[in-house]
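The following note is intended for a colleague who is opening this model for the first time. Please keep the sequence and the structure in view while reading the numbered points.

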Amino acid sequence: MFDSDDLSAVDFRAISDEGLIDALRTAHGAAAAAQAAEVFAVRELYRRYRADSADPGPGGARGGEFAATEAAVALQVDEATTGALIDIGLALEDSLPRTRAAFAAGRIDLAKVRVIVDNTRAVAREVLEDLEPRLLEVAGRTNPVRLRQAARRWAARLDPGGTRQRRERRQEERDVRLRAVQDSMAVFDGLLPAPGAQTVAMRLREMSMQVCASDPRTMPQRRADALVALADGSGQLRCQCGRGGRCPKYGVPIEQPRRPLIQIGIPADSLLGFQDAPAFLAGYGPIDAALARLLAEHARFQVIPEQSDADDPATAEEAAQWQPASRLEREVRALDGMCRFPGCAMPAAESELDHNHPFDHERPARGGPTARTNLAVLCGRHHRLKTLADNDKLPWKVWRADLERLQWTAPTGDIHTTVREGARYLFPRTDTGAPTVPYTGVHRSEPPEAPPIDAPTALPDRRTAEDMAYPLNGYVVIHGQLRRIPPEDEIPDDKPAPTRNHAP
Ligand SMILES: [Zn+2]
Ligand SMILES: [Zn+2]
């Protein structure tokens, strides 16, 4: 037997096959126990923060909601992941004491704990008394998929009323999400009540028939194009058969697509084809220059000049106005590219501008100026965090170290720095952290081998808790206060009138 403390010192080449299997089991148990400790620690952090903000009053922090934020920044995972960990911790404590103990001892891992939590939510307490030990017994001898099947079957048999309740609760989990994958593609998926899902499917099918039989696209390709056509306002597929007037669908009027619904940052020399530096698709991440040039055919352009600290073009008059001039706002959004909170990936276009040093509405000369050196992009959730901190309602501190760096001090004193991501794309030579491979301009005749389409990327995931270390993709939190944690789920307040210390 291996002691989990010794695993790092083991020479795996020197032990028997049986010894390796034994080591695997010991290591897996140790990893599970360590994840249990993570769950209990973040849940305790949440409990303390919630106790501190039991009665926040108007404009205060809702109970404990930023515990997940602080934990996410510390672990460098997304907030949906830490929010899910808190939710699991609450469920274990509230109703699953045996599961909690088995997890703490490393006898079951986070994936199985998640299955048990997911499947016992609406189960009556008396039923749970019988069900929980049985599930733990199954968990000890099978994998999470089989455990899920057993859990569903038994929960349905023992507690049919609970099953109905779970179905009704499922409706509250309806959602549509996006997930970035490799090669400038993204997975678009969602959970809808069956009638609504069927409505969408039938509409896409109907639209797929709007082109003539010679259209070269497959039905799956047409359905995919139809979904985008629904969203861009054209509402209809244009036939691609290329037969002109001989196409039976020729001349069918099609609405112009609405633009722009997406934003792309690309260096001027790559746009013109002299270089192939990656472009930045807001909300997704890097896309290749060729795709960006293709999209640019119908684009509206904004030119963002590269500037240094010294040449901030804001006039004194502009600096003394709360609302930035549109040129300034455009530049800040393009250069920041996304929310400047550590780890947040909300696109600039869906975010707000914040005065790092708050604007003083009564005496503008004394507050922070409306200038490039004092403005940054923050999504609604992190703008709220920043405003609460500015007003001493949250113990975060934010300051601008220079034009480039925004520093965030967490309540525990940890300092995190974020930089202008958009500028990394627009001005590639400012991407100083990138490995330096000289651009050779060699044309590659063979396409590189395509990685599997669902290979996870290094991009932060925007719509779901997904992290290689945490099997929580699609986890739905049940505790109300945790539900708004992912930044994209923040519901914007109706715009308040500007008040002192409330930056735009
Ligand atoms: Zn046609
Ligand atoms: Zn954010």
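1. Two residues are said to be in contact if their C-beta atoms, placed from the backbone, lie within 7 Å. Under that criterion, and leaving aside neighbours within four places in sequence, E79 is in contact with A68, T69, A72, I485, P486 and P487.

2. On the source: this is a predicted model, in which local features need pLDDT of at least 70 and side-chain atom pairs count only at pLDDT 80 or more, while totals for chains, interfaces and linings use all residues. Residues are numbered from 1 along each chain as its sequence is written, and chains are lettered from A and ligands numbered from 1 in the order in which they are written.

3. Overall composition. The protein has 16 helices and ten strands; helices (H or I, at least four residues) and strands (E, at least two) are DSSP runs, numbered from the N terminus. Of its 504 residues, 32% count as buried. A residue is buried if 20 or more other C-beta atoms lie within 10 Å of its own, exposed if 12 or fewer, and partly exposed in between, with C-beta atoms placed from the backbone. Among contacts with a separation of 6 or more, 62% are made by residues 24 or more positions apart.

4. Is E79 buried or exposed? E79 is buried, because 27 other C-beta atoms lie within 10 Å. The residue belongs to helix α3, which covers residues 79-95. E79 also lies 8.8 Å from G343, C-alpha to C-alpha, although the two are 264 residues apart in sequence.

5. E329 counts as partly exposed because it has 17 C-beta neighbours inside 10 Å. Apart from neighbours within four places in sequence, E329 is in contact with P324 and L353.

6. L353, named in the previous point, lies in strand β6 (residues 352-355), both faces of which are covered. On one side E352 and D354 are buried, and on the other L353 and H355 are buried. Strand β6 pairs with strand β7 (residues 375-378) in the antiparallel sense over four bridges; two strands pair if DSSP finds at least two bridges between them. Within this pair, H355 stands opposite L375 of β7.

7. An open sheet is formed by three strands in the order β8-β9-β10, with antiparallel pairing. Its edge strands are β8 (397-400) and β10 (415-418), each of which pairs on one side only. Neighbouring strands of this sheet are turned by 20° against each other on average, direction ignored.

8. The pairing within that sheet can be followed residue by residue. Strand β8 and strand β9 (residues 406-409) are joined in the antiparallel sense by four bridges, and V398 stands opposite W408 in β9. Four bridges also join β9 to β10, again antiparallel, with Q407 opposite T417 in β10. The hairpin of β9 and β10 has five residues between the strands, and there G413 takes a positive phi near 100°.

9. How do α9 and α10 lie relative to each other? The axes of helix α9 (residues 194-208) and helix α10 (residues 219-232) come within 8 Å and cross at roughly 110°. The two helices are therefore roughly perpendicular to each other. Axes are lines fitted to C-alpha atoms, for helices over the stretch in contact, and angles run from 0 to 180 degrees between N-to-C directions; 65 to 115 degrees counts as roughly perpendicular, under 35 as roughly parallel, over 145 as roughly antiparallel and the rest as oblique.

10. The contact of α9 with α10 involves L204, M207 and S208 of α9, together with M219, R222, R223, A226, L227 and A229 of α10. These residues divide into six nonpolar, one polar and two charged. Here Ala, Val, Leu, Ile, Met, Phe, Trp, Tyr, Cys and Pro count as nonpolar, Asp, Glu, Lys and Arg as charged, and the others, Gly among them, as polar.

11. Two backbone angles deserve a separate check. Q76 has a positive phi of about 55° although it is not a glycine, and Q76 sits in the loop between α2 (67-75) and α3. Q76 is exposed, because 11 other C-beta atoms lie within 10 Å. D392, also not a glycine, has a positive phi of about 60° and is placed in the loop between α15 (380-390) and β8. With 8 C-beta neighbours inside 10 Å, D392 counts as exposed.
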